[in-house]
Amino acid sequence: CGQQSAPAGTMRGGRKAVCRLGVLGLLLLCCFLAKAAAAGTEKYSEGVSVRKTKGTWSPAEADSIRQEESEQEFPDSCIFWGERGEEVLENEKLDRMEQASVIEVLGDTQGLLAATAPLYEEDEDGCLLSEDLACRLFGSKYVMGEEISYRGRTLTVRGILRGMEGTAAVQAEKEGDSVLDTIAYEANTEGDSLESPVQAFLMRHGIQGKVQPWRYFAVCAELLVFLLPLVIFLRMAGRTADACRKMHSRSLRTRAGKDGRQRNTRIRTAGMYAVPVLMAVLFYWLFRPSLGVTRDMMPTKWSDFNFWRQTIQQIQNNLELLLQTKKTSLDLLVLRPFFSCLKYCVMAWLLYAVGYRWEKNAGTAEVLAGILLSWILLLGVICFLGDSGLYLAGEKRIWFWACFWLTGGYAADRMHAF
């Protein structure tokens, strides 16, 4: 009976190890996808959007504001833009017509739109198309130099918009009805004023508008990705600290013993105390979030104790504004990766809760298999995401995430059992 039960126990242990590796693989996959989504949120969250409270700016009014700003000692960047929904674009050569959202811009598009080529302010006969729109109109994404018709204008395609679908971008006409209701604002970093740059800009030009700093979404995405590794690290640090306390108590009991035994115990205790310090250093290097705190997120005076309460209230107002207003194509560039990051983080937490119930001291072979599995999954994610995966490929720290989790947990378990 004893001989028959041993293989059965080994098979059950093998099945549990396979289940643990499966959960670990899914957990790492969700973490990698969340990190890639957070990078996407960061990519499109530079600057601040200022949406006019009522109406729109005419091209003449927008030009006047930009001219006044250019005369400042440290001029800020401001690009006026608006969006028309369900506009008709036509390829007269192939007799194809498609509906699209059209972003009308007053200014160069480098600081506003990610594209294979910029659309300059003086280029009133040019346009940019999203890849899917180019394929529907021309049957190919290689359409530079092709022509389309839009609201009686003949426009030449200059480049392809990245990260957008069903969208085109053109320079706003100087005459006719205007849709310029938003300013893409970016502060000049050369100035040393402690005043909020965007508020100073609005007061300087008498602009009444709602401020939407997209940077908050990038910060929240980084914190979401950082939270689970932090909890895992704290658990490992707790087990390591408990092992150190046990070893320290044992060293106190051996003080009356032989000098050689006491010396060995002290050396071993010092080595065990060095482990959590090394773990903390590695954790900071691997997982520290790049929050990118700006001047708007810091109090202007040390005595301004109401700053954080006002900041939280401002974030709440911005979120309410975001929920109440119609989403533009540029809004979705930030919101889509942010909510993808949130979704993958929730899935990772659920998988971690499942893995926590099955947790057991892993052997050396299981740890090595987990590390190899993490690298295979990371390569798969990079290949699957395409351009978005290039960030993960260049982020060297991500390749050592699983190494830290698994070897750290392995060391903590062995120290605790020592």
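By salt bridge I mean a side-chain nitrogen of Lys or Arg within 4 Å of a carboxyl oxygen of Asp or Glu. Aspartate 123 lies in the loop between β3 and β4 (126-130) and arginine 158 in strand β6 (residues 153-161), so this bridge ties together parts that are 35 residues apart in sequence. Strands here are DSSP runs of E, at least two residues, and helices are runs of H or I, at least four residues, both numbered from the N terminus.

A word on the source: this is a predicted model, in which local features need pLDDT of at least 70 and side-chain atom pairs count only at pLDDT 80 or more, while totals for chains, interfaces and linings use all residues. Residues are numbered from 1 along each chain as its sequence is written, and side-chain values use heavy atoms, with hydrogens and water left out.

Back to the pair. Aspartate 123 counts as buried because its relative accessibility is 17%, and arginine 158 counts as partly exposed at 32%. The cut-offs are under 20% relative accessible area for buried, over 50% for exposed, and partly exposed in between, with a 1.4 Å probe and protein chains only.

How many salt bridges are there by this rule? The count comes to 14.

One of them joins the side chains of glutamate 104 and arginine 84, at 2.7 Å from N to O. That pair links distant parts of the chain, with glutamate 104 in strand β3 and arginine 84 in strand β2, 20 residues apart. Strand β3 covers residues 96-106. Are these two residues buried or exposed? Both glutamate 104 and arginine 84 are buried, and for glutamate 104 the relative accessible area is 5%.

Another bridge is between the side chains of aspartate 177 and arginine 151, 3.3 Å from N to O. Here aspartate 177 sits in the loop between β7 and β8 and arginine 151 in the loop between β5 (147-150) and β6, 26 residues apart. Aspartate 177 is partly exposed at 47% relative accessibility, and arginine 151 is also partly exposed, at 41%. Both residues belong to a salt-bridge network made up of Arg84, Glu87, Glu104, Arg151 and Asp177.

Next, backbone angles. Most residues other than glycine have a negative phi. Glutamate 86, in strand β2 (residues 77-91), has a positive phi of about 55 degrees. Its relative accessibility is 64%, so glutamate 86 counts as exposed. Aspartate 95 also has a positive phi, near 55 degrees. Aspartate 95 is in the loop between β2 and β3 and is exposed, with a relative accessible area of 61%.

Last, the surface. Patches are built from residues with over 30% relative accessible area and no salt bridge, joining like charges within 9 Å and nonpolar side chains (Val, Leu, Ile, Met, Phe, Trp, Tyr) within 5 Å. Areas come from the Shrake-Rupley method with a 1.4 Å probe; for residues, only the protein chains shown count as cover.

Which residues make the nonpolar patch of about 390 Å²? They are Leu278, Leu282, Trp285 and Phe400. Tryptophan 285 is in helix α6 (residues 259-287) and is partly exposed, at 40% relative accessibility.
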